[in-house]
Amino acid sequence: SSRPPAPAALNPWDVMLCVSGTAIACENALVVAIICYSPALRTPMFVLVGSLATADLLAGLGLILNFVFQYVIRSETVSLLTVGFLVASFAASVSSLLAITVDRYLSLYNALTYYSERTVLCIHTMLAGAWGVSLCLGLLPVLGWNCLHDRAACSVVRPLTKSNVTLLSASFFLIFLIMLHLYIEICKIVCRHAHQIALQQHFLTASHYVATKKGVSTLAIILGTFGASWLPFAIYCVVGDPDYPSVYTYATLLPATYNSMINPIIYAYRNQEIQRSMWVLLCGCFQAKVSFRSRSPSDV
């Protein structure tokens, strides 16, 4: 008589990924609920933040499902679907970060025409393109670009092939370089505005200097956090070998998931409108129809 397969030994790294996914899902679910609950948070800026939170929420759920299907429902087909779901979710998260960066740049570069229907159309087009490309990247392993039947083609992330992870890493490097360029341009615009204000007032006040320094520091923190989270994993996907110990993959993948955990803090919870809406949603400390001050993406 055939015996049922023995249960897989519990890997502590998988447990940490599952815990990370749970924290990610909870944080971003709250952000999505706040944006959906508050009619005042329907501006293009918060649509982008909502897209980022949705992508990170799906990524967190994907990490949880990957743990469940790995230790409870062991199936290569289900595992392939889960990996594709994770690829699409994290790709949508990174793409949403790029869209937020482009939106911040446009809000400063075209400040006079930013609040127009053209901006709304541009943002919706960016989001449609970001989610469309992310969905295609997630479907690639499901549609056959995998190494289930060819172990020699496997990458450090099974069952993705080496060419697949190379494509994903190259896409990330391209997005990172675009974001780096845009944030440098944003810093130039911020410094130029501060200089123009100083010329109008004949001197650079301490408050202007502090505000400019704070803005540049915030941009550096945002880009530094994004790079520190994803660059190790993207580089290892290119230079790593599937014969290397799996601990190397886990050690670089786990910090990448932390980016989805930090995103709500950087892009949502620091915003005063979202803070107020959170109190309305959770505690009812304010009236539901509370007035909000219109803010630009550079304030987020």
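How many disulfides does a search of the whole structure find? The search finds one disulfide, a disulfide being a pair of cysteine sulfur atoms within 2.5 Å.

The structure is a predicted model, in which local features need pLDDT of at least 70, side-chain atom pairs count only at pLDDT 80 or more, and totals for chains, interfaces and linings use all residues. Residues are numbered from 1 along each chain as its sequence is written, and side-chain values use heavy atoms, with hydrogens and water left out.

**View 1. Overall architecture of the protein chain.** The protein chain has eight helices and zero strands, and its pattern along the sequence reads α-α-α-α-α-α-α-α. Helices (H or I, at least four residues) and strands (E, at least two) are DSSP runs, numbered from the N terminus. Of the 300 residues, 43% count as buried; buried means under 20% relative accessible area, exposed over 50%, and partly exposed in between (1.4 Å probe, protein chains only). Among contacts with a separation of 6 or more, 75% are between residues 24 or more positions apart, a contact meaning heavy atoms within 4.5 Å. Carbon and sulfur atoms hold 68% of the accessible surface of about 15800 Å², where areas come from the Shrake-Rupley method with a 1.4 Å probe and, for residues, only the protein chains shown count as cover.

**View 2. The disulfide between C147 and C154.** C147 is joined to C154 with an S to S distance of 2.0 Å. The torsion about the S-S bond of C147 and C154 is about 95 degrees, so the disulfide is right-handed. C147 is buried at a relative accessible area of 0%, and C154 is buried at 1%.

**View 3. A nonpolar patch on the surface.** L81, L135, L139, V142 and L143 form the patch, with about 470 Å² of accessible area together. Helix α4 (residues 117–142) gives the largest share, three residues. L135 lies in helix α4 and counts as exposed because its relative accessibility is 51%.

**View 4. S38 in the loop between α1 and α2.** S38 is placed in the loop between α1 (12–37) and α2 (44–71). With 5% relative accessibility, S38 counts as buried. The side chain of S38 makes a polar contact with the side chain of S277 at 3.1 Å. A polar contact is a pair of N or O atoms within 3.5 Å; within protein, one must be able to donate a hydrogen and the other to accept it, and residues adjacent in sequence count only if both atoms are side-chain atoms.

Terms used. Patch = residues over 30% accessible without salt bridge, like charges linked within 9 Å, V, L, I, M, F, W, Y side chains within 5 Å. Salt bridge = Lys/Arg side-chain N within 4 Å of Asp/Glu carboxyl O.
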